[in-house]
Amino acid sequence: LSAPMFMTNGEFTWILGGDTGYNYVVEASVDLVRWTNIMTITNLPGPILFTDTNATSFSHRFYLVRLAP
């Protein structure tokens with residue numbers, strides 16, 4: 001994960017880099033205990049720009065990316 005940034009509209013964005021062809025699950029949490037799957041991404045060649053359009057609904061949010069089963 002790289003280049004995390006809040007956009008002027010309050011959305012949160014970052015870049016995911018990983019091995020081509022693998023599926024990655026993006027999860028979010030407000031307390032680091034309960035995690036919610038918010039997206040599954042198939043990594044194509046090159047970096048993927050991720051945008052959390054729901055970031056404005058939370059005062060803070062944590063993110064986790066893992067390989068999908």
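A nonpolar core here is a set of buried Ala, Val, Leu, Ile, Met, Phe, Trp, Tyr and Cys residues joined through side-chain atoms within 4.5 Å, where buried means under 20% relative accessible area, exposed over 50%, and partly exposed in between (1.4 Å probe, protein chains only). The model is predicted, so to speak: local features need pLDDT of at least 70, side-chain atom pairs count only at pLDDT 80 or more, and totals for chains, interfaces and linings use all residues. Residues are numbered from 1 along each chain as its sequence is written, and side-chain values use heavy atoms, leaving out hydrogens and water.

The largest nonpolar core has nine residues: Phe12, Trp14, Leu16, Tyr24, Val26, Ile41, Ile48, Phe50 and Ala55. β2 gives the largest share, three residues.

Now for the salt bridges (a side-chain nitrogen of Lys or Arg within 4 Å of a carboxyl oxygen of Asp or Glu). The structure holds three of them:

| Pair | N to O distance |
|---|---|
| Glu27 and Arg66 | 3.0 Å |
| Arg34 and Asp31 | 2.7 Å |
| Asp52 and Arg61 | 2.6 Å |

Glu27 sits in strand β3 and Arg66 in strand β6 (residues 62–67), 39 residues apart, and their pair links distant parts of the chain. Glu27 is buried at 11% relative accessibility, while Arg66 is partly exposed at 35%. Asp52 is buried too, at 4%.

Terms used: Helices (H or I, at least four residues) and strands (E, at least two) are DSSP runs, numbered from the N terminus.
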